[in-house]
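Here is a report on one protein model.

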Amino acid sequence: MKNINMTHKELIDQVSANLFKQSGKLESRRSWLAIRNYLEQLDSEQLKSMLKEHG
């Protein structure tokens, strides 16, 4: 994880990038937006936890 003091948007960017990296394939823009919308519902601590698990 780059920085513990990342903004909520930066956390969303990082988590979504990690998820797509792990999938190993390009997803449709619709899937990307659905994931982004889901991640925006989470708080920063939940996002940081996801980064630790998948980072």
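Leu11 is buried, at 0% relative accessible area. Buried means under 20% relative accessible area, exposed over 50%, and partly exposed in between (1.4 Å probe, protein chains only). This is a predicted model: local features need pLDDT of at least 70, side-chain atom pairs count only at pLDDT 80 or more, and totals for chains, interfaces and linings use all residues. Residues are numbered from 1 along each chain as its sequence is written, and side-chain values use heavy atoms, with hydrogens and water left out.

Leu11 lies in helix H1. Helices (H or I, at least four residues) and strands (E, at least two) are DSSP runs, numbered from the N terminus. Not counting residues up to four places away in sequence, Leu11 touches Met6, Ser44, Leu47, Lys48 and Leu51. Contact means heavy atoms within 4.5 Å. Leu11 and Asp43 are 32 residues apart along the chain, and their C-alpha atoms are separated by 9.6 Å.

Ser44 sits in helix H3. Its relative accessibility is 26%, so Ser44 counts as partly exposed. With residues up to four places away in sequence set aside, Ser44 touches His8 and Leu11.

Leu47 is buried, with a relative accessible area of 0%. Leaving aside neighbours within four places in sequence, its contacts are His8, Leu11, Ile12, Val15, Leu39 and Leu42. The C-alpha atoms of Leu47 and His8 are separated by 8.2 Å, and the two residues are 39 apart along the chain.

## The nonpolar core

Which residues form the largest nonpolar core? It has 9 residues: Met6, Leu11, Ile12, Val15, Leu39, Leu42, Leu47, Met50 and Leu51. H1 and H3 are the elements that give two or more residues to this core. A nonpolar core is a set of buried Ala, Val, Leu, Ile, Met, Phe, Trp, Tyr and Cys residues joined through side-chain atoms within 4.5 Å.

## The cavity

The structure holds 1 cavity of 30 Å³ or more. The largest cavity has a volume of about 30 Å³. Its lining consists of Val15, Asn18, Leu19, Met50, Leu51 and His54. H1 and H3 are the elements that give two or more residues to that lining. By type, the lining divides into 4 nonpolar, 2 polar and no charged residues.

A cavity is a set of points, on a 1 Å grid over the protein atoms alone, where a 1.4 Å probe fits but cannot get out; lining residues have an atom within 4 Å of a point. Volume is the space filled by probe spheres set on the points, which are joined across faces, edges and corners. Ala, Val, Leu, Ile, Met, Phe, Trp, Tyr, Cys and Pro count as nonpolar, Asp, Glu, Lys and Arg as charged, and the others, Gly among them, as polar.

## Whole chain and confidence

The protein chain has 3 helices and 0 strands. Buried residues make up 27% of its 55 residues. Among contacts between residues at least 6 apart in sequence, 64% join residues at least 24 apart.

Mean pLDDT (the predictor's confidence in each residue, from 0 to 100) is 81 for the chain, and 78% of residues reach 70 or more. Confidence is lowest in helix H1 (residues 8-23), at a mean of 82, and highest in helix H3 (residues 44-54), at 88. Where pLDDT is low, the predicted coordinates should not be read in detail.

How values were computed: On a 1 Å grid over the protein atoms alone, a cavity is a set of points where a 1.4 Å probe fits but cannot get out, and a pocket is an open set with protein on both sides within 12 Å along at least five of seven lines; lining residues have an atom within 4 Å of a point.
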